[in-house]
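Let's take a friendly walk through this protein chain, with the picture open beside the text. Keep an eye on which parts of the chain meet each other.

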Amino acid sequence: MNIAIVEDEQSDMQCLQSYLTTYGNDNNLDIEITAFSHGEALLADYQPRWDVIFMDIELPKMNGIEIAKLLRQIDIKTLLIFVTNMAQYAVSGYEVSALDYILKPVNYYSFAMKMGRVCRLLQTNSSDSLIVRGKNSVKKLPIEKILYIEVQNHSLIYHLKNEVISSTSGKSLKIMEEELQRFGFSRCNKCYLVNLRFVDGLKGDMVQLGEHFLKISRSKHKLFMNALMTYWGG
């Protein structure tokens, strides 16, 4: 689960980070946290990869509501939870489809209740999956967890964050491209089908997905860049 925290008060930031770590440990969840001290930092080179964003309302320069309005122009899916000292400000969250709000000082029990709701929603939203058939196994693979799909010797290899799964289904990468295009996948060359959700950036003719660097071929460059810019809202 990818989570962003936008909070300018260091003590409140540390509190949320601590609560998320505790919740993840208690519920066997892999939670990655990225912290931002102001909303402009969140929006700079924004990529729609966060499952949930905890947003302080009282921020320097632009407040949390203003940041959220800009956020919704480029990302309508991520779950948004406001964190505030005053409940009356959180009512404005309905304008930006906020899921909920948490009052400061944050109580862990209340926080855990909100996270339970987040997890249930994410589980519902991520119900789309593939049935991947290996040599001696069959696995149900959530589409949102696939970084990219590779073709080698007419076999498909599914690359996840901490796992690589080979398939013997006989499907071609072209067929997978047609099936997964609506989920934000695009070909960067004839060998790789990329989940744009995980693209961290571009370096020369390479696309970066965490530790992975995949070549963008000349023939696929225009289509891939158009798909990526559309996904990023550019």
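The side chains of D51 and R197 come together in a salt bridge, with 2.6 Å from N to O. A salt bridge here is a side-chain nitrogen of Lys or Arg within 4 Å of a carboxyl oxygen of Asp or Glu. D51 sits in the loop between helix 2 (39-43) and strand 3, while R197 sits in the loop between strand 12 (192-195) and strand 13 (201-203), so this pair ties together parts that are 146 residues apart in sequence. Helices (H or I, at least four residues) and strands (E, at least two) are DSSP runs, numbered from the N terminus. D51 counts as buried because its relative accessibility is 10%, and R197 counts as buried at 15%. Buried means under 20% relative accessible area, exposed over 50%, and partly exposed in between (1.4 Å probe, protein chains only).

This is a predicted model, in which local features need pLDDT of at least 70 and side-chain atom pairs count only at pLDDT 80 or more, while totals for chains, interfaces and linings use all residues. Residues are numbered from 1 along each chain as its sequence is written, and side-chain values use heavy atoms, with hydrogens and water left out.

Side chains of opposite charge can pair when their charged atoms come close. How many salt bridges does a search of the whole structure find? The search gives 14. Here are three of them.

| Pair | N to O distance | Residues apart |
|---|---|---|
| D51 and R197 | 2.6 Å | 146 residues |
| E7 and K104 | 3.0 Å | 97 residues |
| E32 and K161 | 1.8 Å | 129 residues |

The side chains of E7 and K104 meet in a salt bridge. This pair links distant parts of the chain: E7 is in the loop between strand 1 (2-6) and helix 1 (10-26), and K104 is in the loop between strand 5 (100-103) and helix 5 (108-125). E7 is buried at 2% relative accessibility, and K104 is buried at 12%. A network of salt bridges links E7, D12, D56 and K104.

E32 and K161 form a salt bridge through their side chains. E32 belongs to strand 2 (residues 32-36), and K161 to the loop between strand 9 (155-160) and strand 10 (164-167).

**A look at E58**

E58 is found in the loop between strand 3 (52-56) and helix 3 (64-74). With 35% relative accessibility, E58 is partly exposed. Apart from neighbours within four places in sequence, E58 is in contact (heavy atoms within 4.5 Å) with D8, T84, N85 and M86.

**One face of helix 6**

Which residues of helix 6 (residues 173-180) are buried? They are L173, M176 and L180. Looking down the axis of helix 6, its buried residues fall within an arc of 55 degrees, so they line one face of the helix. The arc is that of the directions from the helix axis to the C-beta atoms. An α-helix has 3.6 residues a turn, so residues three or four places apart point the same way. On the other side of helix 6, K174 and E178 are exposed. The cover over the buried residues of helix 6 includes strand 6 (129-133), strand 8 (146-152), strand 9, strand 11 (185-189) and strand 12.
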